[in-house]
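Colleague: I have this model open on my screen and would like a close look at one part of it, with its surroundings. Could you walk me through chain B?

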Amino acid sequence: MDELVDTLKQQIIEALNLEEVTPDQIDPAAPLFGAGLGLDSIDALELVVMLEKHYGIRIVELEVGRKAFASVNALADFVRKSKGPCPGSA
Amino acid sequence: MRPLSITACGCVNGEGFGNARSWTPWPGSAPRLRWRTLSARPFDRFGRLDLLCKYAAAAVEMLGLTPLADGQARPDVALYLGTEHGSLDVDLKFCQSIGGPGGASPTLFTYTLPSTALGEIAIRHGISGPSLCLMAGPESGLLALWEGAKLVRSGEIARCICIAADAVESLSVAHAYAFLVEAGAEEGLATVSFTRAAFARAGGHWHDPLGRLFGFLAARDGTAPDSTLYLRAPATLRRRHAMAVLLTARRPNGRVG
Amino acid sequence: MPRQRVAISGLGILSAIGWTPEAVWGAIEREESGLGPLTLFESPRCGHMPVGQVKGDPAELSGLPSGSRTDHLAVAAARIAFADTGMASLGEAARRDIGVVLGTTTGGILDSEEFLRRLLREGRLDLGLLRHHPAASPTNAVARALGLGGFRATVSTACASGATAIATACDALAAGEADTVLAGGADSLSRLTVNGFCSLLNVAPDGCRPFDADRAGLSLGEGAGILVLETEEHARARGAAVRAWIAGCGASADAYHATAPRPDGSGALAAMRRALHVAGLQPDAVDYVNAHGTGTVDNDLAEGRALAALFGERVPAVSSTKRFFGHTLAAAGAIEAIVCVLALQRQRVPANLGLRRPDPAIPFAPVAHAQEAELKVALTNSLGFGGNNCSLLIAREGP
């Protein structure tokens, strides 16, 4: 389980070009947006691209994205749930 | 017409970075634009900007604008950018990202607009006056300076930051200048006027007019105070005018508001 | 002291709803949207969203032997505008001082995309397709096609470019740098913009519905809008038929975010206030507002708040015409300025097409159907990405 969280942290850092951030600096339970990492709405959309690129999950509505990206833990849950019997369906 | 001054200038290029007071060559052989080398003030977003934004933002940082308190803004400052190549690198990168897994990158998309550099700088420095990005060939930067100076001279705005920036990796081009033009400043690097009479004295178009201007303002080559530099109007204006830049006797220190 | 009004003596427009001001206005009166399927190129993502594609081939109207789609759109509109002024009979010498200021965001990118496609998929190198890539290409194409040798610049301020170009041209006229300037904007549909906006998840699946409670985003469009601007002196000296006047221009920056506007609309408000200040007018002088109104949740709310803050209790007739044209990006500011001119000439307010249920969060309702009105002054907003805002005031009467 931790492995997915660790992988996601790496992928987030890579997708968002967070040069000065290391994975241990990201608290998996903390909010990703607003305070902390200081991510904004474009970053959220960039994560949408990342999700499809690495996991084949396609988000087409902003609301779904908002909930999924609440924190790294939330994102990990979302990925696990979405990669059910039909991965990659929108 | 109000008297015009250039009160600060900045430059970042392949050799190094600096302003009228000091110049720092890049450490090491291959300069990589790292924020910590440029400035002690934090700029968390810097690493995520595209190259054009980075160079433009770095040049503006050299001007030494006072950091703003939360909620403060600068509505009386305009931001003009001149760029010959704009977002050429990113345009191509973005087009290639379209077919990729996951689709196009929204971050890259925002950088396909050279005006995003204006947005990023405006956000960092709370600048909410008029902003303009001009693309008019190799003299785009000079045009931005010219138009910005005219805007301030007209009395419509108190100050204009005029930026010239180009960054295209595949063309090995990367540099930026920034000049702060103000109305009626008492302490400046130089005063500026526009004159038809000086057109002949301007002696043709410089290959790098803004580089010439920057060097002149920094007076690093031992230029005496009260010297005048004449810069011809950019060819695209089709005017027989020159900008006369008169170096002031006093060299101001301290921060710029 | 208010600035001298600038004469608008010629109009040229290419859009999804027509290639002449008459055709465009006809569609506006019939409340016919120009949105339809994207057939210009294949687009696996978002290709099914309706767009404002120009019907027919702009290359037929431009008279250019070669050029990008944006070049053709710009030159075609410029030819029409120039002919409209009666200046087409001018000789070489007189044209030498006429300037051109255009805004574009796409430039020749559609052709450049084709270059990449041929190279990567077919191994073919068609360098000719890259010739028209630079942003300055449409401006240069217009200047060359009409033999214009004056002040020339290309403006790039995202979706505000067309309006900014007009404002820049007005500055040049006020500074005595020219007495005639062609100003406006042009943009073509492209894979870059279709995929780019799609990645922002704010493109409406059933077409944009500005200010609607259930609005779901913007619709892309393409086109060109060109206005011939002259100083009052010059226009009167040659007995020009003046269509309308530019009374003032104002610009501002949100300094907030790369794509989202300041939610309280203060950026747009500052631009509108600047335009009024330059024109020496009070808000109550405005009879009609052609809003930027893209149909995104964020823009319409912010702009709605800005309009409410500016006009208070007495918001004049407001409509966004983006469901007619689509969001034509750099052309929008100019196309919508032309809509204002046509509205002032005919004393009719265009409908805010696509409105089903006005958003209760916005303190006024836009005009649902075209209506007659006494119109003396119109205000048009262009609020671009990166927070670049530009507002224009257009008046029926001159100085």
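What percentage of the 257 residues in chain B do buried residues make up? And please take me from there to the pieces inside the chain and the places where other chains touch.

Modeller: Happy to. Keep in mind that this is a predicted model. Buried residues make up 55% of the 257 residues in chain B.

Let's start with the overall build. Chain B contains 7 helices and 10 strands. Its C-alpha atoms fill a box of roughly 60 × 40 × 40 Å along the principal axes. A compact globule with 257 residues would have a radius of gyration near 18 Å, and chain B has 18 Å, so the two agree. Of the contacts in chain B between residues at least 6 apart in sequence, 72% join residues at least 24 apart.

Now zoom in on helix α2 of chain B, residues 51-61. Here 10 of the 11 residues are buried, so the helix is largely enclosed by the rest of the structure. The buried residues are Leu52(B), Cys53(B), Lys54(B), Tyr55(B), Ala56(B), Ala57(B), Ala58(B), Ala59(B), Val60(B) and Glu61(B). You will notice that Lys54(B) and Glu61(B) are on that list along with the alanines.

Leaving aside neighbours within four places in sequence, Ala59(B) is in contact with Gly10(B), Cys11(B), Val12(B), Ile163(B), Ala165(B), Ala176(B), Tyr177(B) and Ala178(B). In soluble globular proteins, nonpolar side chains tend to be buried together. The largest nonpolar core here has 249 residues, and those touching the most other members are Ala56(B), Ala59(B), Ile163(B), Ile166(C) and Ile394(C).

Strand β10(B), residues 242-247, has partners in both β8(B) and β9(B). With β8(B), residues 190-195, the pairing is antiparallel over 6 bridges, and Val192(B) has Val245(B) as its bridge partner. With β9(B), residues 228-232, there are 5 bridges, again antiparallel, and Arg232(B) is partnered by Ala242(B). In a regular strand the side chains alternate between the two faces of the sheet.

Strand pairing also crosses from chain B to chain C. Strand β5(B), residues 131-135, runs antiparallel to β3(C), with 2 bridges between them. Look for Met135(B), which stands opposite Thr154(C).

That brings us to the contact between these two chains, which takes 41 residues from chain C and 41 residues from chain B. On the side of chain C, at least two residues each come from α5 (109-122), β3 (152-155), α7 (161-174), α8 (191-199), β6 (244-253) and α10 (266-279). Helix α8(C) gives the most, with 5 residues. By class, this side of chain C divides into 18 nonpolar, 18 polar and 5 charged residues.

Chain B touches chain A as well. That contact takes 10 residues from chain B and 12 residues from chain A. The side belonging to chain B has 2 nonpolar, 6 polar and 2 charged residues.

Chain A itself has 4 helices and 0 strands, and 30% of its 90 residues count as buried. Its C-alpha atoms fill a box of roughly 35 × 25 × 20 Å along the principal axes. A compact globule with 90 residues would have a radius of gyration near 12 Å, and chain A has 12 Å, so these agree too.

The helix to visit in chain A is α2(A), residues 41-55. Its 15 residues should span 21 Å at 1.5 Å a residue, and the end C-alpha atoms are 21 Å apart, which agrees. Buried residues of this helix include Ile42(A), Leu45(A), Val48(A) and Leu51(A). The buried residues of α2(A) pack against α1 (2-15) and α3 (62-68) of chain A, α4 (106-110) of chain B and α8 of chain C. Gly56(A) follows α2(A), with a positive phi near 70°.

Conventions
Residues are numbered from 1 along each chain as its sequence is written. Chains are lettered from A and ligands numbered from 1 in the order in which they are written. This is a predicted model: local features need pLDDT of at least 70, side-chain atom pairs count only at pLDDT 80 or more; totals for chains, interfaces and linings use all residues. Two strands pair if DSSP finds at least two bridges between them. Two residues are in contact if their C-beta atoms, placed from the backbone, lie within 7 Å. Ala, Val, Leu, Ile, Met, Phe, Trp, Tyr, Cys and Pro count as nonpolar, Asp, Glu, Lys and Arg as charged, and the others, Gly among them, as polar. A nonpolar core is a set of buried Ala, Val, Leu, Ile, Met, Phe, Trp, Tyr and Cys residues joined through C-beta atoms within 7 Å. A residue is buried if 20 or more other C-beta atoms lie within 10 Å of its own, exposed if 12 or fewer, and partly exposed in between; C-beta atoms are placed from the backbone. The radius of gyration is taken over C-alpha atoms; the globule rule is 2.2 Å times the number of residues to the power 0.38. The expected span of a helix is 1.5 Å times one less than its number of residues.
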